[in-house]
Amino acid sequence: MRKTRSIHLIVAASATMVMAAGMAAIVSTPANAATTLGAAAAESGRYFGAATNSFMLNRQPHATVLNREFNSIVAENEMKWYHTEPNQNQFNFTAGDQLIAHARARGMTVRGHTLVWHAQQPAWAQNLSGTALRNAMINHINRVAGHWRGQIHSWDVVNEAFADGSGGGRRDSNLQRTGNDWIEVAFRTARAADPSAKLCYNDYNTDGVNAKSTGIYNMVRDFKARGVPIDCVGLQSHLGTTLDPTYQQNIQRFADLGVDVQITELDIMQGSNQANMYGQVTRACLAVARCTGITVWGVLDPDSWRTGANPLLFDGNGNKKPAYDAVLNALNAGGNNPPPTTAPPTTGPPPITTPPPSGGGCSASVSLNSWNGGFVATVRVTAGSSAINGWRVRLTVPSGATVTGAWNANRSGNTGAVDFTNVDYNGRVAAGQSTEFGFQATGNGSIPAPSCTAS
Ligand code: XIL
């Protein structure tokens with residue numbers, strides 16, 4: 001007993017010393033010390049975000065804390081497949097739209113979570129397999145990423161596709177059974193659907209150098225070598241009571257591949273080490289220039305998905321926990337390793353262009369994102385010297401190719417010469433301005449310059 005007590009005393013004494021040191025640091029730089037997580041992270045060009053739900057946006061004290069502390073949000077559930085496409089080809093964007101509006105009104109960025117995942121699929125997708133599932137996946141990505149095009153900072157394109165344990169291989173799932181290339185197809189499709197979003201692969205139990213994170217590392221290296229579009233790796237970081245000593249080293253090795261790293265779902269089991277670990281994780285991210293932001297998986301402890309673990313930064317009354325101070329102090333102390341301003345994502349081959357029309361009318365150009373066995377086409381329609389009120393684009397798909405879906409256009413036909421016409425919201429194009437639509441197809445080959453007729 002006495003021994004235990006003296007250990008506690010030593011711990012308490014050293015904790016006091018750490019606090020004293022932390023306070024001394026703050027006192028010496030009072031002007032620079034930001035007072036919220038978002039502002040402190042922003043000082044080094046990073047974001048600090050939280051997962052939330054549309055139905056919590058006005059709930060107190062959640063709302064006050066969310067709006068005060070964070071400069072990024074992510075939908076805890078409401079952008080998942082089961083939520084956004086509850087019936088096949090019937091989309092529900094209401095909750096996601098609310099989250100985005102809330103964020104935009106407050107200057108917060110939005111992470112997108114998640115386009116494809118083996119879990120939380122709608123029942124109809126769980127029951128699909130093979131080509132039908134593959135096409136449903138592509139359509140889902142096109143429609144969801146297309147709907148929020150330009151509004152999502154980073155998308156978790158694929159979530160949790162690797163298996164736990166020593167093998168470092170893929171997890172079995174209905175998606176995996178459509179063929180090993182499903183992940184790269186998902187990324188290529190996402191790039192075409194929202195070219196400005198960073199495209200991330202996201203997973204858990206990857207919080208150090210281990211077999212699973214190495215499997216993902218090898219995939220990212222292969223994607224970079226073959227030009228498959230990937231911009232970042234998300235480390236979920238649902239953590240227990242100790243931090244893997246290779247946590248920072250693991251972040252660094254992904255960064256060295258030329259992708260950003262984001263801590264995407266941070267929560268840490270309550271216990272004597274919680275505050276310390278929150279500080280360690282924050283410092284590890286700040287130490288790697290390409291670790292661009294941290295998201296905690298919830299705001300108030302009682303709202304956490306880890307019932308009883310109290311793994312977040314605020315208690316149920318919205319009070320800051322010691323873990324909060326550890327994060328804020330780390331952000332304020334370590335903001336001098338800013339992430340690089342990254343070049344815009346690679347956009348693939350230049351579009352095949354048709355000469356601009358000399359008078360009125362319109363022109364169309366197409367760019368392809370192809371993989372073995374399929375492609376996604378993005379078609380740009382440009383008005384000539386006068387505004388147009390509607391358009392029809394005719395293009396010829398390669399022989400053997402079949403169009404399986406289109407967005408932002410009506411379509412007639414699916415092989416040979418296929419016609420696309422405007423939908424009600426994109427028919428009117430001002431003089432010299434453009435609008436875009438897209439489609440996906442199975443098959444391969446090139447597409448000759450399309451024709452465009454204005455109406
Ligand atoms: C969790 C949510 O927090 C819960 O509300 C839901 O019931 C299940 O999903 N990894 C992920 C997240 O990528 O989407 C999960 O979120 C937690 C684990």
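Select Lys 212 and Tyr 204: Lys 212 lies over the face of Tyr 204, 3.5 Å from the ring centre. A charge sits over a ring if NZ of Lys or CZ of Arg is within 6 Å of the ring centre and within 35 degrees of the ring normal. The model is predicted, so local features need pLDDT of at least 70 and side-chain atom pairs pLDDT 80 or more, while totals for chains, interfaces and linings use all residues. Residues are numbered from 1 along each chain as its sequence is written, and side-chain values use heavy atoms, without hydrogens and water.

Next, select Arg 253 and Tyr 217. Arg 253 lies over the face of Tyr 217, at 4.9 Å from the ring centre.

Rings of Phe, Tyr and Trp (its six-membered ring) pair if their centres lie within 6.5 Å; planes under 30 degrees apart count as stacked, over 60 as edge-to-face and the rest as tilted. Tyr 217 is buried, at 18% relative accessible area, and Phe 254 is buried at 1%. Buried means under 20% (1.4 Å probe, protein chains only).

Now select Phe 375, Trp 391, Phe 420, Phe 437 and Phe 439, which ring pairs link into a cluster.

Last, select the ligand. An N or O atom in the side chain of His 113 is 2.7 Å from a ligand oxygen atom. For Glu 265, a polar side-chain atom lies 2.8 Å from an oxygen atom of the ligand.

Definitions and conventions
A polar contact is a pair of N or O atoms within 3.5 Å; within protein, one must be able to donate a hydrogen and the other to accept it, and residues adjacent in sequence count only if both atoms are side-chain atoms. Buried means under 20% relative accessible area, exposed over 50%, partly exposed in between (1.4 Å probe, protein chains only).
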